[in-house]
Amino acid sequence: MVSPKLPLLLVLLHAVFGSAYRWYNWQFEVTCQSDAYIVPEDEAATAKFLKEQYPRGSHIKVVGNGHGFGNLTTCVDNSLTEKPTYIVSLDNLKHLSINKEDMTVTFGAGWDVYDLIKELKANGLSFDHLGVERVQNFVGASTTGTHGSGSSTGNMASQIVGLRVLDSQGNLRVLDEKHNGEELKAFRISLGALGLITEMTIRVQPTLHMKKTTKVLNATSDYSKMYQELAQLYREHDRMTVWGPHFDWDADTQSWALEPTYFLSWWEPTDYTDVQNCTLNYCANGCGDCKKEYICYDEVTDAISCPPQGVCTREFYAEIEHFFPIEYYAEAAANYTIFQQSQTPRMDAPYNHQMVIQHRSLKGDDTYLSPVNTYNLSPELSGVFGVIEIDWIQEYNNFTTLWQNQELAMEFLPHFGEIYNVRPHWNKMSPPNPTYTLEKFPKLPEFLAIQERQDPKCQFVNDFLVRQLGITRCQDFLSS
Ligand SMILES: Cc1cc2nc3c(=O)[nH]c(=O)nc-3n(C[C@H](O)[C@H](O)[C@H](O)COP(=O)(O)OP(=O)(O)OC[C@H]3O[C@@H](n4cnc5c(N)ncnc54)[C@H](O)[C@@H]3O)c2cc1C
Ligand SMILES: *[C@@H]1O[C@H](CO)[C@@H](O)[C@H](O)[C@H]1NC(C)=O
Ligand SMILES: *[C@@H]1O[C@H](CO)[C@@H](O)[C@H](O)[C@H]1NC(C)=O
Ligand SMILES: *[C@@H]1O[C@H](CO)[C@@H](O)[C@H](O)[C@H]1NC(C)=O
Ligand SMILES: *[C@@H]1O[C@H](CO)[C@@H](O)[C@H](O)[C@H]1NC(C)=O
Ligand SMILES: *[C@@H]1O[C@H](CO)[C@@H](O)[C@H](O)[C@H]1NC(C)=O
């Protein structure tokens with residue numbers, strides 16, 4: 001056991017001596033060597049740092065908690081560049097103020113989702129837009145479009161009404177819905193490409209309680225039938241997450257065996273506040289007594305998402321998550337499942353354990369880079385999106401297996417993208433194809449124009465961003 005003080009000490013030493021710092025994401029497969037880990041005291045110190053680095057054209061990667069599945073947070077490795085290269089964390093920016101008149105909360109970029117939610121709760125407030133976990137940094141989570149489930153619930157970013165951001169020269173820009181609402185649409189989901197966000201203001205509401213109902217269903221290999229039934233349930237329940245079907249790796253047949261049952265939960269607002277008992281069975285991470293029918297009542301965040309205590313395993317996993325108009329849901333889900341099965345013979349690496357297909361819905365929006373942007377939807381579509389996630393979970397942390405599963409995961413988008421108007425989650429196995437990105441994100445040119453203004457010397461980009469977004473002016477960001 002490493003003493004919890006040691007990492008802090010190392011951070012301080014790095015900050016003082018500018019020693020090299022190796023960055024890893026949560027499952028250690030995304031990594032890079034930077035010259036230092038910079039943790040500024042406050043916004044002014046961050047601006048000063050940027051101002052100093054601008055003439056040198058230093059590479060700067062701002063990170064949250066590294067809870068992604070792709071190369072979004074990879075810094076420019078110092079073996080590839082002559083210029084300084086830094087990882088920046090705004091962890092120290094921890095101010096917070098609550099405005100109960102506007103029902104907004106303003107807070108520094110250092111707040112993690114878990115702590116922020118706790119603080120809101122203590123003040124009689126709720127934030128109703130979380131993903132299944134709360135381990136992320138709030139800015140890190142919202143800026144990639146992190147979301148939960150609900151046909152009339154938007155992603156986390158849809159609740160941002162204002163923010164403060166520093167460009168690569170250390171200049172501050174203050175955005176809010178009232179004064180520069182159009183530009184805010186570029187910044188809500190900005191992937192670290194538009195500068196260092198130092199503060200956010202989000203919409204909140206008075207403490208909201210939910211009733212959660214969990215049902216166990218029988219699985220069938222008639223996927224068409226199974227997903228048509230789920231599509232019907234999505235019409236009946238505004239907020240619902242389906243965990244399943246589940247498959248277990250069968251070492252004898254070298255294939256996935258369908259588990260006979262799976263489960264789903266739906267949520268509805270309630271004014272029953274006598275008991276708060278959803279955290280008696282976390283389950284959200286597949287832990288606990290999941291395949292069991294029950295109801296529970298709780299404050300919304302405890303009803304829909306799982307705090308770190310509820311996370312029981314952390315083995316490697318590969319994952320895709322795709323958003324598409326919900327009208328295509330039943331057919332798409334069946335085809336995704338069948339396509340996965342066609343890949344199984346190529347899954348010859350060891351240590352595969354479980355595969356879970358997960359289903360959610362999400363309300364569309366008009367954020368430029370939102371995976372659920374409604375800019376290119378034809379009028380007969382509702383503007384609600386279906387979300388399919390597939391998780392390949394290992395029983396043992398072996399990189400060979402992880403990389404094989406990631407490679408196979410990358411095949412889904414080229415196969416289904418055009419057919420179902422699919423947009424992948426930015427931080428979950430998104431293959432680089434700027435032509436495709438432009439088609440699904442029609443506001444990309446507007447986004448890139450702002451990117452150029454915020455980062456004229458291409459200091460904030462990395463290989464992932466350049467190739468995903470097609471930032472051609474930054475193609476030579478390593479050498480120029
Ligand atoms: C186990 C697990 C469960 C997950 N569950 C869900 C889920 O239910 N729903 C869902 O949608 N996603 C989910 N995710 C994905 C996760 O929410 C996203 O990957 C999220 O972006 C990670 O947040 P982070 O704080 O770790 O950010 P990082 O991965 O560290 O960074 C993400 C992006 O934010 C940028 N950034 C960070 N801080 C700043 C700043 N101050 N200013 C500007 N840019 C900044 C970074 O540059 C980077 O581009 C899950 C991931 C894991 C590993
Ligand atoms: C991240 O980038 C490295 C180096 O280019 C590459 O080998 C790896 O496959 C990428 N990882 C993912 C998850 O895309
Ligand atoms: C699942 O199948 C069992 C019998 O195999 C049956 O008793 C049960 O009612 C079924 N459940 C549902 C939700 O259809
Ligand atoms: C939660 O409390 C309600 C109301 O008392 C009860 O009906 C339900 O079974 C409880 N759920 C759990 C998971 O304990
Ligand atoms: C998807 O499913 C439909 C209906 O079953 C089928 O006609 C179509 O060919 C499938 N498409 C793909 C890409 O798998
Ligand atoms: C991971 O699996 C590969 C392929 O079987 C094997 O060669 C390698 O030794 C394994 N690595 C570990 C650390 O077990």
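These legends go with several close-up views of a predicted model.

Some housekeeping: residues count from 1 along each chain as its sequence is written, while chains are lettered from A and ligands numbered from 1 in the order in which they are written. Because the model is predicted, local features need pLDDT of at least 70 and side-chain atom pairs count only at pLDDT 80 or more, but totals for chains, interfaces and linings use all residues.

View 1. Strands here are DSSP runs of E, at least two residues long, and helices are runs of H or I, at least four, numbered from the N terminus. Look at β19, residues 352–363: nine of its 12 residues are buried, so the rest of the structure largely encloses it. (Buried means 20 or more other C-beta atoms within 10 Å of a residue's own, exposed means 12 or fewer, and partly exposed is in between; C-beta atoms are placed from the backbone.) Strands pair if DSSP finds at least two bridges between them. β19 runs antiparallel to β20 (residues 384–394), joined by 11 bridges, with I357 opposite I390. Strand β14 (residues 239–250) also pairs with β19 in the antiparallel sense, over five bridges, and here D248 sits opposite Q354.

View 2. Zoom in on P245, which lies in strand β14.

**View 3. Two positive phi angles.** L191 isn't a glycine, yet its phi is positive, about 55°. You'll find L191 in the loop between α5 (177–187) and β11 (196–203). Y351, not a glycine either, has a positive phi of about 70° and lies in the loop between α8 (329–343) and β19.
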